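Hi,

Here is the structure I promised to pass on. Have a look at it first, and my notes follow below.

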Amino acid sequence: MPMDNRLLVPRYKYDPDAARYLAAVEAADGQALETPVKRAVDAFFRDLKSTGQEYDGVYRTTFESLKACCILAGARTLAGALVPVVGDAPTNVANGFVEGDFSRTSGLTGDGTSYIDSGRAGDDDPLNDAHLAVHVSESATSNTHYKAGAYNSGTQQTILRSNFGSFLSAVNSGNFASAGGGNDVGLFGASRFAADSSEFRLLGVTTPDSTASGAASTQNVTIFARNDGTPDGFFDGTIAFYSIGESLSLEDLDTAVSNLITAIGN
């Protein structure tokens with residue numbers, strides 16, 4: 001009897017965390033994802049686990065630094081896009097995003113009133129060991145806005161902000177680090193490693209900053225707005241990814257996320 005060569009082809013084996021996430025997305029979507037999309041997500045998880053750094057003498061992967069995170073692209077539905085990679089499920093609040101705000105290839109577009117409550121407070125991560133990042137697919141139409149943030153009384157904030165062409169960030173500090181003009185498409189993030197050591201990344205460039213930490217906000221971090229108890233400064237551009245958690249290499253995160261969004265778009 002001729003041998004069936006199909007039996008010699010090994011079945012593709014997904015990373016266990018990627019498999020769990022993909023199963024949850026498909027359950028929320030009510031249908032299966034395409035194999036290329038699933039493999040793009042699997043590669044993303046593997047990228048996150050293949051990079052990392054030491055903090056306080058202990059090595060952890062980029063994946064382990066993520067504590068609240070969503071891929072806002074790739075899924076078939078908005079419900080699928082709001083399935084968390086890690087952490088608690090976010091809440092779609094205010095007027096609420098609708099299916100028409102969601103694109104499988106570019107992410108979720110703000111409408112000027114809606115935002116996502118990440119469910120993670122600014123002080124859930126250590127004061128001097130924290131990050132916040134988003135991947136922007138399309139810039140906002142407004143000059144001043146917050147892509148994400150949590151804020152208390154000016155001295156406690158973790159924020160990603162645009163102000164008339166300047167881009168500002170802060171991690172558990174009352175002071176901003178700033179970058180010059182241009183657009184903000186791609187990863188925009190900030191990470192704090194110590195009381196006097198942080199960095200921010202924009203347009204593929206990571207810049208160190210010595211702004212001192214102060215205190216962490218007690219508010220939940222919101223996406224598409226800044227949360228000061230009442231979210232404001234709404235972002236009406238498009239975000240394909242966000243993450244909150246402990247400090248990490250923004251360059252490594254940028255590479256993994258950019259590869260993912262490019263693969264999904266293809």
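Before the strands, one term: two strands pair if DSSP finds at least two bridges between them. Helices (H or I, at least four residues) and strands (E, at least two) are DSSP runs, numbered from the N terminus. Bear in mind that this is a predicted model, where local features need pLDDT of at least 70 and side-chain atom pairs count only at pLDDT 80 or more, while totals for chains, interfaces and linings use all residues. Residues are numbered from 1 along each chain as its sequence is written, and side-chain values use heavy atoms, with hydrogens and water left out.

Now the hairpin. Strand β1 (residues 52-55) pairs with strand β2 (residues 58-61) in the antiparallel sense, over four bridges. Tyr55 sits opposite Val58 in β2. Two residues lie between the strands of this hairpin, and Asp56 takes a positive phi near 60 degrees.

As a whole, the chain has five helices and 18 strands. Its radius of gyration (taken over C-alpha atoms) is 19 Å, close to the 18 Å that the globule rule (2.2 Å times the number of residues to the power 0.38) gives for 266 residues, so the chain is as compact as a globular protein of that length. The C-alpha trace spans about 75 × 45 × 30 Å along its principal axes.

Next, an open sheet of seven strands, in the order β5-β8-β17-β10-β11-β12-β13, with antiparallel pairing. At the edges stand β5 (91-93) and β13 (177-179); each has a single partner strand, so one side of each is left without a neighbour in the sheet. Within the sheet, β8 (residues 115-121) and β17 (residues 220-223) run antiparallel and are joined by three bridges. Ile116 stands opposite Ile223 in β17.

Last, the helices. Helix α1 (residues 16-29) packs against helix α2 (residues 35-50) at an angle of about 140 degrees, with the axes 9 Å apart. Axes here are lines fitted to C-alpha atoms, for helices over the stretch in contact, and angles run from 0 to 180 degrees between N-to-C directions. The two helices are therefore oblique to each other (under 35 degrees is roughly parallel, over 145 roughly antiparallel, 65 to 115 roughly perpendicular, and the rest oblique). The contact (heavy atoms within 4.5 Å) is made by Asp17, Ala18, Arg20, Tyr21, Leu22 and Glu26 of α1 and by Lys38, Val41, Asp42, Phe45 and Lys49 of α2.

Cheers
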